[in-house]
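Subject: Structure handover

Hello,

Here is the structure I said I would pass on. My notes on it follow below.

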Amino acid sequence: MKALVFAALAIFSISGHSQIWLDNSCPIDYKVTNEEYTSVKANNLLTLVVDQEGKLMMNGKRQDDMSEIKFKEAVYNFLTNPSGESIKADSPKQAIIALGSYGEHDYYDLILRYVREVYLYAWDTTAEEKYSSIYMDLNCKKREKIRTGDFPYNVLELNNQKQTDTK
């Protein structure tokens, strides 16, 4: 079953929806604050940093040759914590994913896209369970219920922090 879920995740990442972050008809207004980021429990924080060599560091551990599927599986498992591990998020509502990069790297944009695709997958799954429809077909009110109640988009882009703080 787990393999089937992640095969679907892989197919979803190749689909037309994966090229579009959102359709902008229902913008995400909520942003993670510095206070939330600095006060979050360690197990509720997933830090993804692209180092100076362009390699991914996940919670301080270098991830060499991590495939797209394994990365997405790791992020999804962090958010949902199906095994109830103490080192993963207590719930998707409490989880924060912080992305950063030492310098400009195309890999950073790829990692951000993968994280967004995991959220879209989670939102689609929840939309199917609750409304028997995919997320993108829902009206803004139903989308917001999923984003605020089930899987809030708690992603903090550390490199873009100054830009978001001044808005």
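**Overall layout**

Of the contacts in the protein chain between residues at least 6 apart in sequence, 67% join residues at least 24 apart. Please keep in mind that this is a predicted model. The protein chain has six helices and five strands, and along the sequence they follow the pattern α-α-β-β-β-α-β-α-α-β-α. The protein chain counts 167 residues, and 42% of them are buried.

**The sheet**

The five strands form an open sheet with mixed pairing, in the order S3-S2-S1-S4-S5. From one strand to the next, the twist averages 25°.

Strand S1 (residues 45–50) and strand S4 (residues 96–101) run parallel and are joined by six bridges. One of the residues to look at here is Leu45, whose bridge partner in S4 is Ile96.

**Leu99**

Strand S4 also holds Leu99. Is Leu99 buried or exposed? Leu99 has a relative accessible area of 0% and is therefore buried, the cut-off for that being under 20%. Apart from neighbours within four places in sequence, the contacts of Leu99 are Leu48, Tyr108, Ile111, Leu112, Val155, Leu156, Glu157, Leu158 and Asn159. For Glu157 there is also a C-alpha separation: 4.9 Å from Leu99, with the two residues 58 apart along the chain.

Helix H4 lies across S1, strand S2 (56–58), S4 and S5, and runs at about 165° to S4.

H4 (residues 106–131) also meets helix H5 (residues 140–150). Their axes come within 10 Å and cross at roughly 115°. That makes H4 roughly perpendicular to H5. The crossing of H4 and H5 is right-handed.

Which residues of H4 and H5 meet?

- From H4: Trp123, Thr126, Ala127, Lys130 and Tyr131.
- From H5: Lys142, Lys145, Ile146, Arg147 and Asp150.

By class, this contact of H4 with H5 has four nonpolar, one polar and five charged residues.

**Two asparagines with positive phi**

Most residues other than glycine have a negative phi. The following two have a positive value.

Asn59 has a phi near 50° and sits in the loop between S2 and S3. With 41% relative accessibility, Asn59 counts as partly exposed.

Asn81 has a phi near 45°. The loop that holds Asn81 is the one between helix H3 (68–80) and S4. Where Asn59 is partly exposed, Asn81 is buried, with a relative accessible area of 11%.

**To look at on screen**

For a first pass through the model, I would take these places in turn:

- the pairing of S1 with S4, which run parallel;
- Leu99 in S4, with its contacts, including Leu48, Tyr108 and Val155;
- the right-handed crossing of H4 and H5, where Trp123 and Lys130 are among the H4 residues in the contact;
- the loop between S2 and S3, for Asn59, and the loop between H3 and S4, for Asn81.

Regards

Terms used
Residues are numbered from 1 along each chain as its sequence is written. This is a predicted model: local features need pLDDT of at least 70, side-chain atom pairs count only at pLDDT 80 or more; totals for chains, interfaces and linings use all residues. Side-chain values use heavy atoms; hydrogens and water are left out. Axes are lines fitted to C-alpha atoms, for helices over the stretch in contact, and angles run from 0 to 180 degrees between N-to-C directions. Helices (H or I, at least four residues) and strands (E, at least two) are DSSP runs, numbered from the N terminus. Angles under 35 degrees count as roughly parallel, over 145 as roughly antiparallel, 65 to 115 as roughly perpendicular and the rest as oblique. A crossing is left-handed if the near helix is turned anticlockwise from the far one by less than a right angle, and right-handed if clockwise. Contact means heavy atoms within 4.5 Å. Ala, Val, Leu, Ile, Met, Phe, Trp, Tyr, Cys and Pro count as nonpolar, Asp, Glu, Lys and Arg as charged, and the others, Gly among them, as polar. Two strands pair if DSSP finds at least two bridges between them. Buried means under 20% relative accessible area, exposed over 50%, partly exposed in between (1.4 Å probe, protein chains only).
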